[in-house]
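Welcome, and thanks for taking a look at this one.

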Amino acid sequence: MFGQAYNTYPGGAPPPGYPQPTMGMPMGSPQPPPPQAYSYSQQHLSAYQQWQQPSQYYGQYGTYIQSNVFSVQAHQAFQYNSVNDLQQIFYAEMQKNPENTRRNAIQAEDLVNILNNTPSIRNYFRINWNRELCSIMIAMLDRSKDGFMQWEEFLELQQCLVAWHNVFCQHDTDRSGFIESSELIRVIMSFGYKISPQTLETILKRYSRVVAGGRCLIAFDDFVSLCVRLRAFTDAFRRRDSMVNGCETGRTVFEYDDFLRCVMCL
């Protein structure tokens, strides 16, 4: 199961500091199992590397992810001594549900519990996470397409959240929990996506709230929702690019059912 689900990390190996995947938590044991070796499918790895390369159509978001997300040490942000401390939290939550234990994974409600009820994590983000947002965060990283989140996906999510939180706080100078619409545009552009002004306007309408004086503000949870969908939809579209002579075109053709599968999970 893990060998199939985690063969898509860029560069052929996990980023520095990224722990090796585990094969499950022994029943009744509070400690995570010994590290196991990664197994890669070269076909999937090559495809993932291709999708994350700079593109005239899709921008350089893959470079940003590799440089600014995979380098994050999430356990340090949460003031844990090692990544094993974070792993124990994951497995403790997983073991509450026998089906989760069987699959070596958690579901959306379990992710809600971890984010909201783990003091160090809750104190770091200082928001109340809801099930809908946790569901789309799982979908973004659900490479096994089983609706569950395994440990490696969970850790990558924490890296994303900490990286996004760092960027958000850089622009939330008054620590209000909101950033201005102009700041949101700068952040999105800094992520490397190639997005038109018209699309940016659509994004603002969807994810901002208008307050007194006509100011448009974006909260952190809405910012996360945007980041998740932007990455997931871009990856999904790019995987289906109508390649011509091995080159991307920035276009694709969706069958109706395929389109629904892409959008309904998010």
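Please keep in mind that the model is predicted. Helix α9 covers residues 131–141 and is mostly covered, with eight of its eleven residues buried. Helix α10 is one of the elements that the buried residues of α9 pack against, and α10 also crosses α13.

**Helix α9 and its surroundings**

- The buried residues of α9 are L133, C134, I136, M137, I138, A139, M140 and L141.
- At the start of α9, the backbone nitrogen of E132 has a side-chain oxygen of N130 within 3.1 Å.

**Where α9 meets α10**

- Two packed helices are described by the angle between their axes and the distance between the axes.
- For α9 and α10, the axes come within 10 Å and cross at roughly 115°.
- The two helices α9 and α10 are therefore roughly perpendicular to each other, and the crossing is right-handed.
- On the α9 side, the contact is made by M137, M140 and L141, while α10 brings E153, E156, L157, C160, L161 and W164.
- Sorted by class, the residues in the contact of α9 with α10 are seven nonpolar and two charged, with no polar ones.
- M137, M140 and L141 of this contact are also among the buried residues of α9.

**Where α10 meets α13**

- The axes of α10 and α13 come within 11 Å, and they cross at roughly 125°.
- That makes α10 and α13 oblique to each other, and their crossing is right-handed.
- From α10, the residues making the contact are E156, C160, L161, W164, H165 and F168; from α13, they are F220, F223, V224, C227, V228 and R231.
- The contact of α10 with α13 has nine nonpolar residues, one polar residue and two charged residues.
- E156, C160, L161 and W164 of α10 take part in the contact with α13 and also in the contact with α9.

**A loop residue, T118**

- T118 sits in the loop between α7 and α8 (119–125).
- Is T118 buried or exposed? T118 counts as buried because its relative accessibility is 11%, below the 20% cut-off.
- Leaving aside neighbours within four places in sequence, T118 is in contact with Y80, I89 and N113.

Definitions and conventions
Residues are numbered from 1 along each chain as its sequence is written. This is a predicted model: local features need pLDDT of at least 70, side-chain atom pairs count only at pLDDT 80 or more; totals for chains, interfaces and linings use all residues. Side-chain values use heavy atoms; hydrogens and water are left out. Buried means under 20% relative accessible area, exposed over 50%, partly exposed in between (1.4 Å probe, protein chains only). Helices (H or I, at least four residues) and strands (E, at least two) are DSSP runs, numbered from the N terminus. Contact means heavy atoms within 4.5 Å. A polar contact is a pair of N or O atoms within 3.5 Å; within protein, one must be able to donate a hydrogen and the other to accept it, and residues adjacent in sequence count only if both atoms are side-chain atoms. Axes are lines fitted to C-alpha atoms, for helices over the stretch in contact, and angles run from 0 to 180 degrees between N-to-C directions. Angles under 35 degrees count as roughly parallel, over 145 as roughly antiparallel, 65 to 115 as roughly perpendicular and the rest as oblique. A crossing is left-handed if the near helix is turned anticlockwise from the far one by less than a right angle, and right-handed if clockwise. Ala, Val, Leu, Ile, Met, Phe, Trp, Tyr, Cys and Pro count as nonpolar, Asp, Glu, Lys and Arg as charged, and the others, Gly among them, as polar.
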